[in-house]
Amino acid sequence: MKPTVVVIGGGATGTGTARDLAMRGFDVTLVERGNLTYGTTGRTHGHLHSGGRYAVSDQESAIDCIEENRILQSIAAHCVEETGGLFVQLAGDSDDYFEEKLQGCAECGIPTEVITGVEARRQEPYLTEEVERAIRVPDHAIDPFRLCVANVADAIDHGATVETHAEVVDVLTEDGDVTGIRFERQAPNHRGEGAEGDIETIHADHVVSATGAWAGQLAAMAGVDLEMSLSKGAMVVTNVRQLDTVINRCLPKGEGDTIIPHETTVLLGANDDPVDDPDDYPEEQWEVDMMIDLAAEMVPVVAEARMIRAYWGVRPLYDPNPEASTDTGDVTRDFFLLDHRDRDGIDGFTSVVGGKLTTYRAMAESVADHLCDRFGVDASCRTHEEPLPGSRDPAILDDYMNRFGLRSPVAKRSVQRLGDRAPAVLGNDEPNPVVCECEAVTRAEIRDAVDDAGPDLNAVRLRTRASMGNCQGGFCTHRMGATMYPDHDATTARAAIDELYQERWKGQRHTLWGQQLSQAMLNHLLHATTMNHDADHELREESIDFTVFDSGPGDDTMATNRGRDRGNVTNGGSDRGN
Ligand SMILES: Cc1cc2nc3c(=O)[nH]c(=O)nc-3n(C[C@H](O)[C@H](O)[C@H](O)COP(=O)(O)OP(=O)(O)OC[C@H]3O[C@@H](n4cnc5c(N)ncnc54)[C@H](O)[C@@H]3O)c2cc1C
């Protein structure tokens, strides 16, 4: 009989753990309270670290990062964009620290090359003229959504079961030891099973908590005291891609010191401020302003850019040595496997905490190694060499670019997203119009995602990027809903459109100035009035709080320039990535 394991958490760590355990022959069920990537994984910078960032202050993490960076480029090729990265030294920045960074990188095995300010500006013309020199490192961009979906797809291929929208509300114990979990459905799962409010129980030989910032709450359900060291960070998204290289400021302990090209956008961030509750923390306008101002010191043009949304995430840090840290910036980015039998005398339960998106696979491997030891399973890790679905054949990108009746850049972007799944998704004779112009997503891709994710347009968004561009869903949410017909009825489609539209709105609340304010007003008029959304009886009770627009763009709180008082929004944990 295969040992049964419940993995809680559908972020990078949980999905990677489910994949690894399933590949090694465990009977795995993954349980996630929201969509995949609902937690911190969906709110990151999308930075595939070279380790350069930690090469001076946190060398163990730096070494993990460079090792995993290389592995992910090969096993997750369709999720990684090989942008390269620069640590830039601006006039006045410390020479000593620049040398320490080079030394630290050498000690951690991170390849570097020093280039002049002129060369750096030749590579990235929008860099400030203040740049004196830079260190080239193998930093890259990674798509966390595609990565988690690919891990789950492979876990399912290896026999795992996945329950999304399933919140663990209790950890079952017998004589103090953990024997399973109880979850409450927040919505039917992607197979259409169950209903909101259903309570279900899963008995298991072992429960793994990969719940990131929520690990303390999960542990408490099992009677375990696990104190996390949580810190929030704000990220701001521009509407165009002003650069192609990851830019880091070469300063010790920086905040807002990284700019990352991501698909059609650029992400600015992040600060590092302690929070107590990962579901309840202030999202403050000064954070957005600070991210823009700090990024503009490196790339001045971003100060004038149109910001399409802002979002926040909470780092799931674990501090084994709290006395030594003066703030959350000091806490190691290393990861920890905590077997609660050894740590707390409670059998059947392991938490995996800390780490980075970049090191998720190594975290998963350590959990799977541990459970193999525990259950006497003789199977070694293969996740470092077995490509994820979609990235099995990177050459497919070139081969299939123009084969699907799609012109570049639509073909290019579709094939980049789908990787080696492109022929299966795009290769049929049906008409295939573009549904989301901003992100060049076609109907075939949306249909494929609906087949996979069920009637959940947010899950479709994570798989395709539809609605993540300039218009933030203004022109495509309803078209995405239309592709659900005839597999799903009108009521289901309307509810899915509404949910996606609200999700898009949440991140825009923080960027309502200039052109993005006009866009938000246009979106509101299209949906609320032209499409009769505010009079749709079926959805009226749950519809967006449009009263914020009632006083129109002349209202001072809405139309002020950046930097003036625009009030704060407290809705921690509600926003969803870029
Ligand atoms: C602003 C910011 C930027 C970052 N940028 C980067 C970056 O660029 N590169 C990088 O390498 N790292 C980055 N990180 C760190 C990285 O994002 C995290 O370390 C990583 O994503 C954590 O993944 P995880 O799977 O452990 O946790 P999560 O992604 O948070 O997953 C935990 C999951 O558990 C679920 N869960 C919680 N409670 C329950 C329950 N009761 N029942 C069911 N499910 C539950 C949650 O919904 C969540 O989806 C960043 C972090 C922040 C905050």
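**Close-up views of a predicted model**

View 1. The axes of α2 (residues 59-75) and α9 come within 9 Å and cross at roughly 95°, which makes α2 roughly perpendicular to α9. Axes are lines fitted to C-alpha atoms, for helices over the stretch in contact, and angles run from 0 to 180 degrees between N-to-C directions. Angles under 35 degrees count as roughly parallel, over 145 as roughly antiparallel, 65 to 115 as roughly perpendicular and the rest as oblique. Helices (H or I, at least four residues) and strands (E, at least two) are DSSP runs, numbered from the N terminus.

The model is predicted: local features need pLDDT of at least 70, side-chain atom pairs count only at pLDDT 80 or more, and totals for chains, interfaces and linings use all residues. Residues are numbered from 1 along each chain as its sequence is written, and side-chain values use heavy atoms, with hydrogens and water left out.

**View 2. Helix α9 also meets helix α1.** The axes of α1 (residues 12-23) and α9 (residues 360-375) cross at roughly 45° and come within 8 Å, so the two helices are oblique to each other. On the α1 side the contact is made by Ala12, Thr13, Gly16, Thr17, Asp20 and Leu21, and on the α9 side by Tyr360, Met363, Ala364, Glu365, Val367, Ala368 and Leu371. By class, these are 8 nonpolar, 3 polar and 2 charged residues.

**View 3. The ligand is surrounded by 37 residues.** The closest are Thr13, Glu32, Thr41, Thr44 and Thr358. A polar side-chain atom of Thr13 lies 2.7 Å from a ligand oxygen atom. From the backbone, an N or O atom of Thr40 lies 2.9 Å from an oxygen atom of the ligand, and one of Val168 lies 2.9 Å from a ligand nitrogen atom. Such a polar contact is a pair of N or O atoms within 3.5 Å.

**View 4. Helices α14 and α16 cross at roughly 60°.** The axes of α14 (residues 457-464) and α16 (residues 490-508) come within 8 Å, and the helices are therefore oblique to each other. Leu457, Asn458 and Arg461 of α14 meet Ala496, Ile497, Glu499, Leu500, Glu503 and Arg504 of α16. This contact has 4 nonpolar, 1 polar and 4 charged residues.

**View 5. Two cis peptide bonds are shown, at Ala270 and at Pro486.** Most residues other than glycine have a negative phi, and most peptide bonds are trans. The bond joining Gly269 and Ala270 has omega of about -10°, and Ala270 lies in the loop between β17 (265-269) and β18 (273-274). For the bond from Tyr485 to Pro486, omega is near 5°; Pro486 is in the loop between α15 (477-482) and α16.

Note on methods: Contact means heavy atoms within 4.5 Å. Ala, Val, Leu, Ile, Met, Phe, Trp, Tyr, Cys and Pro count as nonpolar, Asp, Glu, Lys and Arg as charged, and the others, Gly among them, as polar. A residue is near a molecule or strand if one of its heavy atoms lies within 4 Å of it. A polar contact is a pair of N or O atoms within 3.5 Å; within protein, one must be able to donate a hydrogen and the other to accept it, and residues adjacent in sequence count only if both atoms are side-chain atoms.
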